[in-house]
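Please consult the sequence and structure shown below alongside the text.

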Amino acid sequence: MTAHTESTKNPIVRFLNMNTSREVGGRELPLWRQILLQVLCLVIAAEVLFPIMYIVTLSFSSRETRPASLELIPTEISFAAYKQVIDRPTANPITFIELLRNSFLLSVGVGLAALMIAVLAAYAFSRFKFKLRSVLMVLVFVPLLMPAIGLSTPLYLLMNSFRIADCGGAIAISPFASCAVGLGKVMFNLRDSLLGVGIAMISTALPFAVWNLKGYLDTIPKELEEAAAIDGADPNQVFFQIVLPLALPQLAVTFFLGFIGHWQEFALPWLFLTQPESYTLSMTLYNMTGQYANSIPWNRFAAMAIIVALPVAITYIALQKQIVSGLTSGGVKG
Amino acid sequence: MASTSMIERAKKKSDFRKTVTPYMYLVPAFLVMAVITFYPLIYQVVVSFTDFQTKDLLRGLASEKLNQVGVQNYVDILAGGLPVQNFDFFRVLTYNLWWAITNVALHVPAGIVIAVLLNTPGLWMKRIYRSLYILPVVIPPLVVATVWRNIFDEQYGAMNQFLTSAAMLFGSIDPVRIRWLEDFTPPIAWLLPNGPLTLAYYAMMIANFWLGWPFMTLVATGALQSIPKDLYEAASIDGASAYQQFMNITVPLLRPAMIPATIYGFTTSFNLFSFVFFMTGGGPARSTEILVTFAYDLVRNLRLYGAAAAFSVIVFFVALIIFLITNRLTKATENIVE
């Protein structure tokens, strides 16, 4: 029974399971209509599968020349392209493991940092009545209006002003001190580091996480907390011992939703990072397409595209139930 | 006496704690947002009134070479005075709106029709179709864009190869060589005369259609399930045709679910940065450029930081206006439903 109510709450599950019980009593579909609708469904399936089969076939091909004719069904299963991409993903001196590490560091780090800060704020907004509540809530909401690219200019300039330079012996930390004009060698530029990109990415991740978690906390019944408060628990104890454990599933969902987004993050790293050793997988994929791709065999590009897509697709499919119900219970309602 | 004052003091103390506690929980978030959101927003406005360029990067706003230019950046952007080729703010804005509207106008009806199709009682292999149709939702848009970019390649792309095979069925031998992403002549010139809709636009519409309708089908399927079956039975007893049932029962009852989804789709398409950037980069000749990709180009390649800041401020107001309008639309529909 619980499983049933659970499934009706969730669009994807509902989408996949719908109507199976109702068909039993329903009237039969006339054969000619069945055939007509089957043809339609197959045409749509072909449309969906066209690019997927194209890229899968390409990635399993061992041919390094560009495709001369259309192939949508693999004629060979060769992992050569995957092997080449993993051995030597780009012309830059960076290994696949390092790219993977950078992408994971960025998406997991930003996700966790935003989550830890956001859950505190969400708790305050959801459970307390205080003077500035509505003003502060609007302040958290405003950045969500701005397309993420809109803040990239000032974030670039700000991060760029934190530098550590070696002025021939003395170390100068900008913006507090700098070497004489024309002197000094920059050892570290916050803008040109994964840390700087991560900090900049939090600016969009945080408001989203606050709204998503607040929406969920609002749905948790308050009786438990009230009972604990009567027993003498202070708000901190209530938060750590009751609210946090109850919110754990939603924390996980918010984290994975963030992860899906951060894993694809391209604009900020591509703008900030100049050192190949801090590149991410999505930046590498960009380098394999279009004007940069002249020398890159398409089977390798295809393999890389599938590698970049896999973590997101797997997360989605594994957590589809939680993700969709998490989305509907959270942020949207505000 | 002593005990009452102690109680009062304890009460005062707990009152103080009560007022302060919520703020303590907000401190981390607002400290972080102060540094990476609010300060940058203000900094952005300050920079937008200067001619900040690469030479000023070392010293920032303290740079001696930095000039205050007043609203010059804003005037340049709106009046076409930027030292940038093929850029006209109002053309990009019109194109951007057109791009978002035409996408949604295709995705929503297609999503609904396919949801209704999948909802037909007695249809075979329903589950298989459903699990197939969901695939575009789970693939990152950035990967989708790169793949379609290759599909639309002039020489080796799958689309031209597909069209070649199709043309062969009709007896043609010449390979199809459509320059999807490079050709600048608009195939339908009278459509949106303000912004030339190049072939690249149509190519992107095809790719984004693939990406967009399954989400709408997902939402519509959920809403379809909540429509009571007896409505259709009553209608068919009264002699309503399938088309009449669709127009008079399905469409009105789907509306409350589809309007928020449409607005979500509109804003997503309006700011679809990585998809546009990966597929065409705004080309050819900026014909498929949207506001966010141009903002990015101003910083990343043109390095006109002052103009980029001014442009972002303008984009912020465009986003705000769109939000206010869509918010009103959702509110209006909510009222109708309730």
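## Packing of two helices in chain B

In this predicted model, helix α8 (residues 199–225) of chain B and helix α10 (residues 242–270) of chain B have axes that come within 9 Å and cross at roughly 145°. The crossing of α8(B) and α10(B) is right-handed.

From α8(B), the contact draws on B:Asn208, B:Phe215, B:Met216, B:Val219, B:Ala220, B:Ala223 and B:Leu224. The residues contributed by α10(B) include B:Thr250, B:Leu254, B:Ala257, B:Met258 and B:Ala261, and also B:Thr262, B:Tyr264, B:Gly265 and B:Ser269. By class, the residues of this contact of α8(B) with α10(B) comprise 11 nonpolar and 5 polar, with no charged residue.

## Interface between chains B and A

Chain B contributes 91 residues to the contact, and chain A contributes 95 residues. Between them the two chains bury about 8,800 Å², of which 74% is on carbon and sulfur atoms. Within chain B, the residues that lose the most area to chain A are B:Tyr25, B:Ile36 and B:Gln225, which together account for 9% of what that side buries.

The count of residue pairs in polar contact between chain B and chain A is 18, with both residues at pLDDT 80 or more. Helix α1 (residues 2–48) of chain B supplies 21 residues, the largest share of the side of chain B that touches chain A. That side of chain B consists of 65 nonpolar, 17 polar and 9 charged residues.

## Salt bridges

How many salt bridges does the rule find across the interface of chain B and chain A? The number found there is 0. Over all chains, the count comes to 8 salt bridges.

Side chains of opposite charge can pair when their charged atoms come close. A salt bridge links A:Asp87 and A:Lys83, whose closest N and O atoms are 3.5 Å apart. Both A:Asp87 and A:Lys83 belong to helix α4 (residues 80–87) of chain A, where they are 4 residues apart, about one turn of the helix.

Technical notes. Residues are numbered from 1 along each chain as its sequence is written. Chains are lettered from A and ligands numbered from 1 in the order in which they are written. This is a predicted model: local features need pLDDT of at least 70, side-chain atom pairs count only at pLDDT 80 or more; totals for chains, interfaces and linings use all residues. Side-chain values use heavy atoms; hydrogens and water are left out. Contact means heavy atoms within 4.5 Å. Buried area is the accessible area (1.4 Å probe) that two parts lose on being put together, summed over both. A salt bridge is a side-chain nitrogen of Lys or Arg within 4 Å of a carboxyl oxygen of Asp or Glu. A polar contact is a pair of N or O atoms within 3.5 Å; within protein, one must be able to donate a hydrogen and the other to accept it, and residues adjacent in sequence count only if both atoms are side-chain atoms. Ala, Val, Leu, Ile, Met, Phe, Trp, Tyr, Cys and Pro count as nonpolar, Asp, Glu, Lys and Arg as charged, and the others, Gly among them, as polar. Axes are lines fitted to C-alpha atoms, for helices over the stretch in contact, and angles run from 0 to 180 degrees between N-to-C directions. A crossing is left-handed if the near helix is turned anticlockwise from the far one by less than a right angle, and right-handed if clockwise.
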